[in-house]
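Open the model in your viewer and keep the selection tool ready. The tour below says what to select at each stop and what is there.

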Amino acid sequence: MHLKRLTALALATFCIAAVTPVIADTVTVPQGLDQSAALLLTDLPVFAPATALAQSAVPDASSLIAPAAPAAASQIAANDDATADDDDDSLVAAATAKLAGHVDGHAREALLAFAMKLRDIRYHRGGRAPSTGFDCSGFVRYVFMHSIGLDLPTNSASQFLAGLKVKRSEMKTGDLVFFRTRGKAVSHVGIYIDNGQFIHSPSAGKTVRVDSLNEAYWAKHFVGAKRPEGIAKI
């Protein structure tokens, strides 16, 4: 009878172990059992899910991280702007090298290319930069400084006095063309392109644009052309 009770107790213990998670690798033997019951209990298999879970494969954290999103549109625009700035810097460097002694006309081409990039920037009296807008002399001065590194006087009258006189039939790209639009003093300046055309910042309400010396208004107010000394040999 005593053996039947031990067997029943062992079976009950086994059932409890089968349905209840055990967070250990061994079974503690209850006190008060004889040696036979103790041996029976200690030979029972132990269900230890914690150990099994610890041995299971856990996904690497890096695999759970979403791939980087594509660059935002603003970043792409910034990259485009940076590329454009690099192109301008290269243009300036090339033109400056020409002025340093390689007199073959490329400085004039660089100057014109830079000036044409500034078309459609609004007129602003006293303006000296694209961000604020340009007046006529501010536009001319900005182009010469940033394309070929040549620093011109600050207004059209002083630019006229500083240049070397050029006959209209001998004008070249990059020469300055001057006008009297108010009274007898020189009051307007532009950069000659070719074939009678010039680029300038005209007046309030308008933008940097190309006009012709043959147009009635400009023909009437034309004073003459001057060649900045910095490009006189080119």
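## Stop 1

Select R141, which counts as partly exposed because its relative accessibility is 26%; buried means under 20% relative accessible area, exposed over 50%, and partly exposed in between, with a 1.4 Å probe and protein chains only. This is a predicted model, in which local features need pLDDT of at least 70 and side-chain atom pairs count only at pLDDT 80 or more, while totals for chains, interfaces and linings use all residues. Residues are numbered from 1 along each chain as its sequence is written, and side-chain values use heavy atoms, with hydrogens and water left out.

R141 forms a salt bridge with D151, and the closest N and O atoms are 2.9 Å apart. A salt bridge here is a side-chain nitrogen of Lys or Arg within 4 Å of a carboxyl oxygen of Asp or Glu. The pair links distant parts of the chain, 10 residues apart: R141 is in helix α6, and D151 is in the loop between α6 and α7 (156-162). Helices (H or I, at least four residues) and strands (E, at least two) are DSSP runs, numbered from the N terminus. D151 also counts as partly exposed, at 46% relative accessibility.

## Stop 2: helix α6

Now select the whole of α6, residues 136-148. The helix has 13 residues and reaches 18 Å from its first C-alpha to its last, close to the 18 Å expected at 1.5 Å a residue; the expected span is 1.5 Å times one less than the number of residues. Just after the helix, select G149, which takes a positive phi of about 70°.

## Stop 3: the nonpolar cores

A nonpolar core is a set of buried Ala, Val, Leu, Ile, Met, Phe, Trp, Tyr and Cys residues joined through side-chain atoms within 4.5 Å. The largest one has 27 residues, of which L118, F139, V140, V143, F144, L176 and I191 touch the most other members. The elements that give two or more residues to this core are α5 (106-117), α6 (136-148), β4 (176-179) and β5 (188-194). α6 gives the most, with 7 residues.

Centre the view on F139. Leaving aside residues up to four places away in sequence, F139 touches A115, L118, F134, I191, I199, H200, S201 and V208; contact means heavy atoms within 4.5 Å. A second, separate core has 10 residues, including F179, F198, F222 and A225.

## Stop 4

Select β5 and strand β6 (residues 197-200), which run antiparallel and are joined by 3 bridges. Two strands pair if DSSP finds at least two bridges between them. The bridge partner of D194 in β6 is Q197. β5 and β6 form a hairpin with 2 residues between them, and N195 in the turn has a positive phi of about 55°.

Look across from H200: R209 in β7 stands opposite.

## Stop 5

Move to α5, which has 12 residues and reaches 17 Å from its first C-alpha to its last, close to the 16 Å expected. Its buried residues are A107, R108, A110, L111, L112, F114 and A115.

Between D175 and R108, the closest N and O atoms are 3.4 Å apart. That pair links distant parts of the chain, 67 residues apart, with D175 in the loop between β3 (164-166) and β4, and R108 in helix α5. Both D175 and R108 are buried.

The salt bridge between R227 and D175 has its closest N and O atoms 2.8 Å apart. R227 lies in strand β8 and D175 in the loop between β3 and β4, so the pair ties together parts that are 52 residues apart in sequence.

## Stop 6: around R227

Finish at R227, in β8 (residues 222-227). Is R227 buried or exposed? R227 is buried because its relative accessible area is 13%. Not counting residues up to four places away in sequence, R227 touches R108, G163, L164, V166, E170, M171, K172, D175 and A232. Select F160 as well: R227 and F160 are 67 residues apart in sequence and 9.0 Å apart in space, C-alpha to C-alpha.
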